[in-house]
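Here are my notes on the two-chain model you sent over.

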Amino acid sequence: MQSKTLSSKGLFSPALFRNDLVRFWPLWALYLVMWLLMVPAFQFLELFGQNGWGNATDMQAYAMSGVASMATGAALVMSVGFGCLFAMTLFSYFTGTRAVGFVHALPTRREGLFLTHYLAGAAVFIGTHAITALLTALIWSTAGLGELWVIGLWFLYTTGQMLFFYSFAVLCAALAGQMLAIPVFYGVFNCLVYGMTNLIWLLCQLLLYGWTNPDDPALVVWLTPINKLAQLSWNRWGYSRGSEEYWRFLQNGLGTVGVYALVGVVMTVVALLIYRRRHSESAGDTVAMSWAKPVFRYGVGVCAALSLGQLLYIILWDAFGQTEQSPVALVICMAGLGLVGYFAAEMLLQKSFHILKRSWKGGAVLVAVLILVCVALELDIPGVERRVPTAEEIQSLEFRLYGQDSIYGDSEDPEMIERFLTLHQMLVEERPKDNDWDEDALYGSIGLDYTLKSGAHLHRHYSFTILPSEIEAHAALAEQLTELARDPEVWQAYMKERFEPGRLVTVDMYLDSENRTLTFEGDTAREILAALEKDIEAGHTGAYIFDSKGWSANTYSTNLSFYYRAQEDAGNGNYYNSSYSEDVQFSKDYTYLLAALEKAGVDTERLSTYQNYYDEDYNEYVKEASYQNTYAEESQETPIPDTLTPEGDAAIIGGADGPTAVYVG
Amino acid sequence: MIEIQNAVKKFDGFAALDGITLTVPTGAVYGLVGPNGAGKSTLLRCLNGVYRTDEGAVNIQGEPVWENPALKARIGSIPDDWHYFLQASTQDMMKLYRGIYPTFSMERYKKLEDAFPIDPRKAIRHLSKGMQKQAAFWLTMSCMPDYLLLDEPVDGLDPVMRRQVWSLVLDDVAERGTTVLVSSHNLRELEDVCDHVGILDHGKVLLERSLEQLQDNMVKLQVVFPEEVTEVPSGIPALHASRLGRIHTLILRMNATEAEALLAQYNPVLVDAVPLTLEEIFIYELGGANYAVKDIVL
């Protein structure tokens, strides 16, 4: 009755609806078969196959997680692909002059035509999901499984995602006048925000001193639906399968899917409004709506400038081996490729190659805008380069010092923040160059991520390679860098979550000169860690981070690995043991640490620095020592104890090719 | 009645319809003539609701056609490039038409099966162009339309089928009062079937007349004057005059009775009225041989 009323008003055509279902049955069948294979058929084979389930709980858990895993990754892939295919199939008549003439001459209103075709697609996917869910529920019931809500969860996830991507593709179809333009628009719009954001950031990186890309803003992630929905799949792996957190995560994820489903409904309304205003004669045009044509023209131009233009610049600049950026070359590349994009778009719109006469003014406007933007960034009109926050603005700071070694950490200590602010200010004022590497240069990079009290974030990254000839000009900066690299508080911030005495298990030390690993346990290990902390407090650490020559001469080629135990949540109320390790490189300056190692039985005189290590003669010596050591061990056939001996004894662990570790209790 | 008032339709600034005003009386067979690009197909697409005019009104029975499903259900339309679904047979398309057009008559469909020698189960794309046109007629006529819009309808049909199709159309006009608007670039083709004719050029109606009006307004005579009269007398306002031996062929803008009365003053030896072709009528209605009407109507 309802449909009759709608039909008589021209708002729905049952005949066209039936026609859609019959005409495109192969696509509908493919969609149905794929889901039937992935969910009920797979569940049937797993539950009634040869596996033989030990108990009902395992079987239930396996079945539940099997269906749940289909709700995220598989559903997303299916929705992205089939959403577009459905829309292209049902709304393909938009793009053909004859077809659009035929359909629009039928006694049905535009709204009716749109709704009829849209509902045909929606009916197919909702019906497919319902059949899949019912069959799966039937299989579960036959296998004696409960928890059917998981199947409902799958239904909602899958239907929500399909509704969004199908509606998205329908909106693209409403805008496109050519069949091929539908998937192109769909693909581009899906990634547009993410892509453009990163391209703009790349431009900032090239033109703004100290710019570093922040984390993807939440809005960018939300406006990149594939990315946002894929996170539901990726992040799912962060939880143990079947744990409470796992299910809570999936249930919460339903909110995200729900938001996109609602957006899908809004997109459908927008597509309908566009369709009502769309002229039949736009069939065959790349862009169907006249207001969208300038957007397309300039949009393609800007995208080409930002992507191809910057790519060309980077390739050329890299090919010429330049280290300093050239804004002029960048502008030329961007303007050139921007024009190519603009005129290509114009050719698509005009369906002609002879467009120069009509559209050169627009091209000139585009070039002018690109130049203005680049000049504005180069002159730092937005004030990004000069911006150094005040100490009062800052809530916390994450820092990274990279050079021969890396130190990173975070702090809310105003004094330490002040020291980094001083460094930041000096970097902004002095702008040290990032020259080609030289072994006598002071080189490295500094990363500063401020969290401001306003909740905003400020990210900066500075790379520098200060040549000996420039050191004098940057003496104060060099001093500040070295001071910070040795700053005990900086090191303590680095150590605070990584070096935990309470969890320390062993300290390993690989002796390259002897081709074996020493393992220190218990008090010995703790003493080594304590000695390291004393070196930090004494400012013995980090002296050579930015000084490659000093690093090579003073830092030992071996390092210490601190092994810690940890407990991981197994997801079922139990925890299992795991471990992690932190490596530390040390130099001749680490007097406390060296003393502790000596005490533990290490002959520190035999430790080699990097400079020794790369010395050819020394390598020969190491080879010989290693050979003799191996030969001697094999010939003596030293028995290897199964367990550690009491304190003071040593245990050698090794295989057929000689000892590989010595335990010192 | 179909009424088009000052209709304007532009494509990227180009006016395909440039203020057209045209009236098709109910039950008339209206021939729309014009060269390629005159705006005939655009006009028909405005009439079947495919295009929306930028300005002006397109009404049938006083109602606008645009987004008027009830009215469009009474319109049968066969464009020159009739569309069918790729896999569809005539039978499949019949099911769609039957579901969409409330007036679709299965009885008529069955009846017309004999008129069109087409296998209804064969995919339309496998039919020849002429047979596809026949399928279009078969389905459209089965919808029992009150208004029939035909764009170059008999293109691709053989002479026998042309006659068959026109016969069907004219039967509908006679029996059901169907109003037909038919476009063609060939005036001669419409001569036998139309009772109203309009000429379109560059998106404008140059002339619109009923056949009766045309024939009453113009006459073609073959006249033999007395021997002493060698030239057409200056008192005779001939639109066209030619001579072959002593026989003068004159075309005059008046009816036959007035023309004979006028010529009687010159004591002609012979006066014989000859039928005017539509082509001749239009040439002289539109301003004589100097006007490039031949380019338009031929």
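1. Which residues of helix H2 (residues 14-23) of chain A are buried? They are A:Ala15, A:Leu16, A:Phe17, A:Asn19 and A:Asp20. Bear in mind throughout that this is a predicted model. The buried residues of H2(A) pack against helix H3 (25-48), helix H4 (56-90) and helix H6 (110-142) of chain A, and also against helix H3 (90-100) of chain B. That makes H2(A) a handy place to start, with partners in both chains.

2. On to the interface. Here 22 residues of chain A are in contact with 22 residues of chain B. The area buried between the two chains is about 2200 Å², and carbon and sulfur atoms give 61% of that. If you want to know where chain A's share comes from, look at A:Arg98, A:Phe102 and A:Pro107: they supply 31% of the area that chain A buries against chain B, more than any other three residues.

3. The rule finds two salt bridges across it, along with 10 residue pairs in polar contact, both partners being at pLDDT 80 or more. As for which elements are involved, H2, helix H5 (97-105) and H6 of chain A each give two or more residues to the side that touches chain B. H5(A) gives the most, with six residues. By type, the residues on this side of chain A divide into seven nonpolar, eight polar and seven charged.

4. A salt bridge to zoom in on joins the chains: the side chains of B:Lys9 and A:Glu281 meet with N to O at 2.7 Å. Side chains of opposite charge can pair when their charged atoms come close.

5. Over all chains, the structure holds 25 salt bridges. One of them is within chain A, where the side chains of A:Glu527 and A:Lys599 meet at 3.1 Å, N to O. This pair links distant parts of the chain: A:Glu527 is in helix H19 (residues 522-537) and A:Lys599 in helix H21 (residues 591-599), 72 residues apart.

6. The side chains of B:Asp146 and B:Arg74 form a salt bridge of 2.8 Å, N to O. These residues are 72 apart and both sit in loops: B:Asp146 between helix H5 (129-142) and strand E7 (147-151), B:Arg74 between helix H2 (69-72) and strand E6 (75-78) of chain B. B:Asp146 has a relative accessible area of 26%, so it is partly exposed, and B:Arg74 is partly exposed as well, at 31%.

7. Compare that with a local pair. B:Arg176 forms a salt bridge with B:Asp172, the closest N and O atoms being 3.1 Å apart. Why are the two separated by about one helical turn? Because they are four residues apart in helix H6 (residues 159-176) of chain B. An α-helix has 3.6 residues a turn, so residues three or four places apart point the same way. B:Asp172 counts as buried at 2% relative accessibility, whereas B:Arg176 is partly exposed at 29%.

8. Please look at those two chain B pairs together. B:Arg74, B:Arg108, B:Asp146, B:Asp172 and B:Arg176 are linked in a network of salt bridges.

9. Some overall numbers for chain B. Its secondary structure comes to 11 helices and 14 strands, and its C-alpha atoms fill a box of roughly 75 × 45 × 30 Å along the principal axes. Buried residues make up 53% of its 298 residues. Among contacts between residues at least 6 apart in sequence, 68% join residues at least 24 apart. Chain B exposes about 13300 Å², with carbon and sulfur atoms supplying 48% of it.

10. Buried or exposed? At 54% relative accessibility, A:Trp234 counts as exposed because the cut-off is over 50%. Its C-alpha atom is separated by 12 Å from that of A:Phe249, 15 residues apart along the chain.

Conventions
Residues numbered from 1 in each chain as written. Chains lettered and ligands numbered in written order. Predicted model: local features only at pLDDT ≥ 70, side-chain atom pairs only at ≥ 80, totals over all residues. Heavy atoms only, no water. Buried < 20%, exposed > 50% of the residue type's maximum accessible area, 1.4 Å probe, protein only. Contact = heavy atoms within 4.5 Å. Buried area = accessible area lost by both parts, 1.4 Å probe. Salt bridge = Lys/Arg side-chain N within 4 Å of Asp/Glu carboxyl O. Polar contact = N/O pair within 3.5 Å; in protein donor to acceptor, adjacent residues only side chain to side chain. Nonpolar A, V, L, I, M, F, W, Y, C, P; charged D, E, K, R; others polar. Areas by Shrake-Rupley, 256 points an atom, 1.4 Å probe, with all protein chains shown as cover.
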